[in-house]
Amino acid sequence: MSKLEELIEAMRVGGQRITPQKRLIADYVLQKKCAVTAQEVLEHVHLRLPAVSLDTVYRNLNALCVLGVLCRVDKLGKGSEYEFAAGRHVHYITCTGCGKRKVFDGCAVDHRILEGRKVGGFRITGHKLDLYGLCGSCSKKGVKVQ
């Protein structure tokens with residue numbers, strides 16, 4: 001079974017309809033070796049389905065994030081990018097000077113404390129931790145912390 005077919009099966013099991021646009025979006029993100037923007041996804045989808053809107057792309061990307069197939073990475077006031085989650089749990093540290101992003105090794109959140117806990121009527125099912133700082137290059141240039 002191909003990776004795409006595994007994703008399609010995960011969507012079915014997650015109760016999602018498998019639409020042509022969702023299939024194209026999942027396939028595109030799978031093929032990419034880096035994070036992609038919704039606009040890049042839209043341009044790819046338009047090659048086969050020109051009537052698809054940016055709103056539809058966002059809805060499908062978010063649905064895939066909810067399933068854990070994709071993860072959304074926020075880019076300090078510059079929108080978001082999406083990447084294949086591959087079943088991994090990743091946090092990023094982002095430079096507030098230049099926007100450079102690196103994977104932060106480890107997780108500062110104890111899953112055993114959070115998972116399943118109820119807060120304000122919500123049962124916690126996951127988390128996302130954003131870390132910010134200055135990269136070595138920006139620190140050397142004297143960039144101020146924002």
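Helices and strands here are DSSP runs, numbered from the N terminus. Keep in mind as you click around that this is a predicted model.

**Stop 1: Lys75.** Select Lys75, which sits in the loop between strand E1 (70-74) and strand E2 (80-84). Its relative accessible area is 27%, so Lys75 counts as partly exposed. Now show what surrounds it: leaving out residues up to four places away in sequence, Lys75 touches Glu81 and Arg101. Lys100 is 25 residues from Lys75 along the chain, yet their C-alpha atoms are separated by 9.1 Å.

**Stop 2: Gln16.** Next, jump to the loop between helix H1 (3-13) and helix H2 (20-31), where you'll find Gln16. Is Gln16 buried or exposed? With a relative accessible area of 17%, Gln16 is buried, because buried means under 20%. Show its side chain and look for the backbone oxygen of Ala63, which lies 3.0 Å from a polar atom of that side chain. Setting aside residues up to four places away in sequence, Gln16 touches Met11, Lys22, Ala63 and Leu67.

**Stop 3: H2 against H4.** Now select H2 along with helix H4 (residues 54-66); the two pack at an angle of about 65°, and their axes are 10 Å apart. That makes H2 and H4 roughly perpendicular to each other. H2 passes H4 in a right-handed crossing. To see the contact, show Gln21, Lys22, Ile25, Ala26 and Val29 in H2, which meet Thr56, Val57, Asn60, Leu61, Ala63 and Leu64 in H4. Color them by type and you get 7 nonpolar, 3 polar and 1 charged.

Methods. Residues numbered from 1 in each chain as written. Predicted model: local features only at pLDDT ≥ 70, side-chain atom pairs only at ≥ 80, totals over all residues. Heavy atoms only, no water. Helix = DSSP H or I, 4+ residues; strand = E, 2+ residues; numbered from the N terminus. Buried < 20%, exposed > 50% of the residue type's maximum accessible area, 1.4 Å probe, protein only. Polar contact = N/O pair within 3.5 Å; in protein donor to acceptor, adjacent residues only side chain to side chain. Contact = heavy atoms within 4.5 Å. Axes fitted to C-alpha atoms, helices over the stretch in contact; angles between N-to-C directions. Parallel < 35°, antiparallel > 145°, perpendicular 65-115°, else oblique. Left-handed = near helix turned anticlockwise from the far one by under 90°. Nonpolar A, V, L, I, M, F, W, Y, C, P; charged D, E, K, R; others polar.
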